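Dear colleague,

Please find below the structure that I am handing over to you. My notes on what was found in it follow directly after.

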Amino acid sequence: MTAQSQALSTAADYIKAPLLYKGKVRELYDLGEHYLIVVTDRISAFDYVLDPAVPQKGNVLNRLSAFWFEQTADIQTNHVVHTDVEKLGGIVTAPELLKDRIMVTKKAERIDIECVVRGYITGGGWRQYQQTSAINGIELPEGMRKNERFPQPIFTPAAKNDVGHDEDIPFERMQEMVGAELAEELKDRSIKLYEFAHEYCAKHGIILADCKFEFGLIDGKVILIDEIFTPDSSRFWAESNYAYDIEIDSMDKEPVRTYLLGSDWDRDSKPAPLPESVVNETTNRYLDIYSRLTGRSLV
């Protein structure tokens, strides 16, 4: 088994720097002037971090974010300093294991809003629409069909909660939280990014249905942080699978969700370890979306 194909549940044993934050997937280390983000292979579903970790998942998420940060740099300044493990020297004790999953970033003050852009009415947006004819307070035409494309993308922010679910909020609430001027700027920047990536994906036979961004501030200027246009932060559909009124199989950890929903899991406790077949299928999903979007291979 190569270093790249080993599943990594944590990088803490391989990093000689303080661990500041451990999320469901990412770990944040303090390098002094900068942060070091390491993307593990942990996988979560229905608010549980599952076992085992999924080989290559972290590599895909990190390299795909790096790809998109580079593609969108002219549209939006981002937090990337570099992704070269060799530049970290002795801070990383297993460079071959971590080489595709590290990102050194600028330190920004996080804006506690998840900036969600929806190009199609699906998922949680569809459920809101069925109940209220609106999404996040945005009134929509009657008679829309599940998975239908909006005439223009809509911006549906959420207030970030470090514990539990993020909370969908109307744009007016976002304006109250961060100020009207910054709220408008984040909305405009988010929609521009979505439109760029939607067009790019379309050329590769993929529909970008919706996505989310996080932004921060450095010296009062907006900077794009976290991850962008990955299977964990975006909903990708194969163009060949697109149809109205159905549940479209998304190009991400769908095999995990499908397995859990079809199992005897009680939904009130951490699920049993995933079968090897589900783990392998999920790895293949992540590698496939990476190669289709970038034209590159990680293996």
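Lys160 counts as buried, because its relative accessibility is 16% and the cut-off for buried is under 20%. Please note that this comes from a predicted model. The residue is placed in the loop between strand S13 (158-159) and strand S14 (167-168). Its side chain takes part in a polar contact of 3.4 Å with the side chain of Glu114, and a polar contact of 3.1 Å joins it to the side chain of Glu214. Leaving aside residues up to four places away in sequence, Lys160 touches Arg110, Asp112, Ile113, Glu114, Asp166 and Glu214.

Phe213 belongs to the largest nonpolar core, which has 53 residues. Phe213 is one of the residues with the most contacts inside this core, together with Trp68, Met174, Phe215, Phe229, Phe236 and Leu293. Helix H5 (residues 180-202) supplies the largest share of the core, namely nine residues. Another core, of 15 residues, lies apart from it; Ile15, Tyr29, Val85 and Leu97 are among its members.

Helix H5 also contains Ala202. With a relative accessibility of 36%, Ala202 counts as partly exposed. Its C-alpha atom is separated by 35 Å from that of Glu86, a residue 116 places apart from it along the chain.

The cysteines may be of interest to you. How many disulfides does the protein have? The count comes to zero. Cys115 is in no disulfide, and the nearest cysteine sulfur to its own, that of Cys211, is 10 Å away. Cys115 is buried, as its relative accessibility is 1%. Cys211 is likewise in no disulfide; for this residue the nearest cysteine sulfur is that of Cys201, 9.2 Å away. Cys211 is buried as well, with a relative accessible area of 2%.

Most residues other than glycine have a negative phi, and most peptide bonds are trans. The peptide bond from Asp51 to Pro52, however, is cis, with omega near -10°. Pro52 is found in the loop between strand S5 (48-50) and helix H1 (57-71). Asp226 is not a glycine, yet it has a positive phi of about 70°. Asp226 lies in the loop between strand S16 (221-225) and strand S17 (234-238), and at 24% relative accessibility it counts as partly exposed. Arg267, which is not a glycine either, has a positive phi of about 70°; its place is in the loop between helix H6 (254-262) and helix H7 (276-294).

Finally, I turn to the protein as a whole. There are seven helices and 17 strands. The radius of gyration is 19 Å, which agrees with the value near 19 Å for a compact globule of 299 residues. Along the principal axes, the C-alpha atoms fill a box of roughly 60 × 50 × 40 Å. Buried residues account for 50% of the 299 residues. Of the contacts between residues at least 6 apart in sequence, 65% join residues at least 24 apart. The accessible surface comes to about 14,100 Å², and 46% of this belongs to carbon and sulfur atoms.

With kind regards

Key. Residues numbered from 1 in each chain as written. Predicted model: local features only at pLDDT ≥ 70, side-chain atom pairs only at ≥ 80, totals over all residues. Heavy atoms only, no water. Core = buried A, V, L, I, M, F, W, Y, C linked by side-chain atoms within 4.5 Å. Buried < 20%, exposed > 50% of the residue type's maximum accessible area, 1.4 Å probe, protein only. Helix = DSSP H or I, 4+ residues; strand = E, 2+ residues; numbered from the N terminus. Polar contact = N/O pair within 3.5 Å; in protein donor to acceptor, adjacent residues only side chain to side chain. Contact = heavy atoms within 4.5 Å. Disulfide = S-S within 2.5 Å. Rg over C-alpha atoms; globule rule 2.2 N^0.38 Å. Areas by Shrake-Rupley, 256 points an atom, 1.4 Å probe, with all protein chains shown as cover.
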